[in-house]
Amino acid sequence: LVGSEMCIRVRQNESDFVSDAMAEGVRREPVIASWVREEFEDVEPSDTLFQSAERHYATPDMVGSECVVEIKVSSAPIEVLEKRYFDQLQWQIYVMGVSRCLLVAEHRTSQVRSTLWVERNEERIGALILAANRFLDILDSTYGVPEDSLDFAALFSLTAEADGLQH
């Protein structure tokens, strides 16, 4: 499968593809979230899809009244993860209307945990909003505005059909 086809099939629940790293992250996240709740007040695990503006969404791992929390399981140092996931963290900060994100990393083999506060970066958030809106404008001009903007399966289906990837 090519990358875009795999993404579409995974999104449509037509694939059981899960890498070992993804599976380990899913398995460890509740344990790490429990630890975060003990160490930091006013944060709770979340699987909610949050919306800030029309079609601007985020799914932070944990939410609090003044921050979001993102959990990663990796062998990379937390400073590398901050750079790798900076846009994701800034987008979550923007969508949730908070001033910072607590990045929590657990080393994949040693299970040593580290934390790093990532502060809101208005310049980067502005660039991300501009890029997202441009993408949505292109998508809308190509496929039309979906009646239900939360119907992601229909959107992926339209994209796959247009690209000739539908099976």
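What pattern does the protein chain follow, read along the sequence? The answer is α-α-β-β-β-β-β-α-α-β-β-α-α. That pattern holds 6 helices and 7 strands. Helices here are DSSP runs of H or I with at least four residues, strands are runs of E with at least two, and both are numbered from the N terminus.

Some ground rules. This is a predicted model, where local features need pLDDT of at least 70, side-chain atom pairs count only at pLDDT 80 or more, and totals for chains, interfaces and linings use all residues. Residues are numbered from 1 along each chain as its sequence is written, and side-chain values use heavy atoms, with hydrogens and water left out.

Now the chain as a whole. It has 167 residues, and 34% of them are buried. Buried means under 20% relative accessible area, exposed means over 50%, and partly exposed is in between, with a 1.4 Å probe and protein chains only. The accessible surface comes to about 10,200 Å². Carbon and sulfur atoms own 51% of that surface. Areas come from the Shrake-Rupley method with a 1.4 Å probe; for residues, only the protein chains shown count as cover. On to contacts, meaning heavy atoms within 4.5 Å. Take those between residues at least 6 apart in sequence: 60% join residues at least 24 apart.

Next, helix α2, residues 20-39. Its 20 residues should span 28 Å at 1.5 Å a residue, and the end C-alpha atoms are 28 Å apart, so the two agree. The expected span is 1.5 Å times one less than the number of residues.

Which residues of α2 are buried? Glu24, Gly25, Arg28, Ile32, Ala33 and Val36. They pack against β1 (43-45), β4 (62-64), β5 (67-74), β6 and β7.

Keep Arg28 in view for the salt bridges. The structure holds 8 of them. The criterion is a side-chain nitrogen of Lys or Arg within 4 Å of a carboxyl oxygen of Asp or Glu. Arg28 meets Glu106 at 2.7 Å, N to O. Glu106 lies in strand β6 and Arg28 in α2, so this pair ties together parts that are 78 residues apart in sequence. Both residues are buried.

Two other pairs. Glu70 and Lys72 meet at 3.2 Å, N to O, and both are buried. Shared partners also make a network: salt bridges join Arg28, Glu106 and Arg113 into one. Glu44 and Arg37 meet at 3.2 Å, N to O. Glu44 counts as partly exposed because its relative accessibility is 41%. Arg37 is partly exposed too, at 45%.

Now the β6 and β7 pairing. Strand β6 (residues 100-107) and strand β7 (residues 113-119) run antiparallel, joined by 7 bridges. Strands pair if DSSP finds at least two bridges between them. Arg100 has Glu119 as its bridge partner in β7. The hairpin has 5 residues between the strands, and Gln111 takes a positive phi near 60°.

Last stop, Gln92. Buried or exposed? Gln92 counts as buried, because its relative accessibility is 3%. It sits in helix α4, residues 86-96. Leaving aside neighbours within four places in sequence, Gln92 contacts Ala58, Thr59, Pro60, Val68 and Glu70.
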